[in-house]
Amino acid sequence: MDEAFARLWGEVVRKGRATVKKRTMTAILVLLAVGLGLTLAFIKRQEASLADSSGYSLSKVYNSTSELVDFSNVILKGKISKEPRQEQLAELVFHVYDVEVEKLYDNQTEQNIKAGDTVEVYRIIGYAPGDIHEMASLVAPEYQQLEQGEYLLFLNSSYEEEGDKHILIPNSPEQLYKAKGAEGFPWLKPAGERFDSISPQEQLPTIYESDVFLAIGKSLLINSRNK
């Protein structure tokens, strides 16, 4: 069931990468809610508590920077300097961050984004169907709120009709990367800034800025050949 949801999540962000026109949040939320509903039903039958789970197996996991790039339509380095607000869309609960864009690596959308802008990033943290007030966590509690600092974000853009605004959603709630200062002998390491995963994982624990440039260049080359 977890694998099925991971595939569903991957399909959602794949469509986000391929489409640059306006679209409502509804389609994305419906797909996510269906996948989450199936997963929650399965877990309930097993009499397990989703809130006690890390939630990591419920989201798509990317094994390379190229995969992250391919499933994103906005890639940027941004600074988080404020506490998030909590917002619920349909049956999904998000932490919403105001992110100051410091560097834009790629933008495949119609949304005009440039360095110095502040964008809203919606990071899914839980599931709250119907009148249930107790949220089922989809991200481990200790990793739900992001620390202040600079982040490398792989995002997908959507248009929310209700609020008449564009929002950005990470293509995976767990694979977020925080900037880390150079250590030891930086000239012995790949070029560019280093970003470390905020959560413990074996897949892609560290990304360098040079990895992002190479992955974007590879993606552009493949797309140009396929036209």
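Reader: Which residues are linked with Lys77 in a network of salt bridges?

Author: This is a predicted model, where local features need pLDDT of at least 70, side-chain atom pairs count only at pLDDT 80 or more, and totals for chains, interfaces and linings use all residues. Residues are numbered from 1 along each chain as its sequence is written, and side-chain values use heavy atoms, with hydrogens and water left out. A salt bridge here is a side-chain nitrogen of Lys or Arg within 4 Å of a carboxyl oxygen of Asp or Glu. On that basis, the network links Lys77 with Glu102 and Glu193.

Reader: OK, how many salt bridges does a search of the whole structure find?

Author: One of them pairs aspartate 117 with lysine 114 at 3.3 Å, N to O. Another puts arginine 194 and aspartate 196 together at 2.9 Å. The search of the whole structure turns up eight.

Reader: How many residues apart in sequence are the parts tied together by aspartate 196 and lysine 180?

Author: Their side chains meet in a salt bridge, 3.6 Å from N to O. Aspartate 196 sits in strand E9 (residues 194-197) and lysine 180 in strand E8 (residues 177-180), so the pair ties together parts 16 residues apart. Strands (E, at least two residues) are DSSP runs numbered from the N terminus.

Reader: Is aspartate 196 buried or exposed?

Author: Buried means under 20% relative accessible area, exposed over 50%, and partly exposed in between (1.4 Å probe, protein chains only). Lysine 180 has 32%, so lysine 180 is partly exposed. Aspartate 196 has 14%, so aspartate 196 is buried.

Notes
Helices (H or I, at least four residues) and strands (E, at least two) are DSSP runs, numbered from the N terminus.
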